[in-house]
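Colleague: Could you walk me through how to read the features of a model like the one below? Start with helix packing, please.

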Amino acid sequence: MPEGLRIDRPKVADGAALWHIAKDSGTLDLNSSYSYLLWCRDFAGTSAVARDADGVPVGFVTGYVRPERPGTLLVWQVAVDAAHRGRGLAAALLDGLTARVAEQRTITAVETTITPGNTASERLFTSYARRHGARLEREVLFEAGQFPDGPHDPEVLYRIGPLSG
């Protein structure tokens, strides 16, 4: 964990900051501000926020446990404020979140989707699999033509597992 930062559960009051961090990332699909508020309320247990010394959010990871696969944590978005990138914060957030969720339930796999060319996310999840001694499988989950709202790259599913406690 980078010095001076701490990982916490998000609160509804963090929703606006998470939206801004996602917007400023330049790579994430930006969801409505309403969705970030709901995420901080309804999925705080499977999400994490990094705070600076003043308690201001500087990064986050959002996720949920898949209803049909209760041992799988799906990571929805990972974003770090530009001033805090390159210090291992995204990896610390991902490791911290999966460790916290694993304390409450058995997690055997982590999934996420990444668009081709998002090398930062590709590296983050490839290194996560390596650190945890797990296999990494990739397959296209959603083809570009499945998105109804205009041009969109395909979303490649990264499935990491099995994870051991």
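Modeller: Helix axes are lines fitted to C-alpha atoms over the stretch in contact, and angles run from 0 to 180 degrees between N-to-C directions. Helices (H or I, at least four residues) and strands (E, at least two) are DSSP runs, numbered from the N terminus. Mind that this is a predicted model, where local features need pLDDT of at least 70, side-chain atom pairs count only at pLDDT 80 or more, and totals for chains, interfaces and linings use all residues. Residues are numbered from 1 along each chain as its sequence is written, and side-chain values use heavy atoms, with hydrogens and water left out.

Colleague: At what angle do α1 and α2 pack?

Modeller: The angle is about 125°, and the axes of α1 and α2 (residues 33–42) are 8 Å apart. Angles under 35 degrees count as roughly parallel, over 145 as roughly antiparallel, 65 to 115 as roughly perpendicular and the rest as oblique. α1 and α2 are therefore oblique to each other. As for handedness, a crossing is left-handed if the near helix is turned anticlockwise from the far one by less than a right angle, and right-handed if clockwise. α1 and α2 cross in the right-handed way.

Colleague: Which residues of α1 and α2 meet?

Modeller: Contact means heavy atoms within 4.5 Å. On the α1 side you find Gly15, Ala16, Leu18, Trp19 and Ala22, and on the α2 side Ser33, Tyr36, Leu37 and Cys40.

Colleague: Where does Val12 sit, and what does Val12 touch?

Modeller: Val12 is in the loop between β1 (6–8) and α1 (15–25). Buried means under 20% relative accessible area, exposed over 50%, and partly exposed in between (1.4 Å probe, protein chains only). With 42% relative accessibility, Val12 is partly exposed. Neighbours within four places in sequence aside, Val12 contacts Leu37, Cys40 and Arg41. Val12 and Arg41 lie 29 residues apart in sequence, yet 5.4 Å apart C-alpha to C-alpha.

Colleague: How are aromatic pairs read, and how many are there?

Modeller: A ring pair is described by the distance of the centres and the angle of the planes. Rings of Phe, Tyr and Trp (its six-membered ring) pair if their centres lie within 6.5 Å; planes under 30 degrees apart count as stacked, over 60 as edge-to-face and the rest as tilted. The count comes to seven aromatic pairs. Phe142 and Phe147 have ring centres 6.3 Å apart and planes at 80°, so this pair is edge-to-face. Phe142 is partly exposed at 39% relative accessibility, and Phe147 is partly exposed at 22%. Ring pairs also link Trp39, Phe43, Tyr64 and Trp76 into a cluster.
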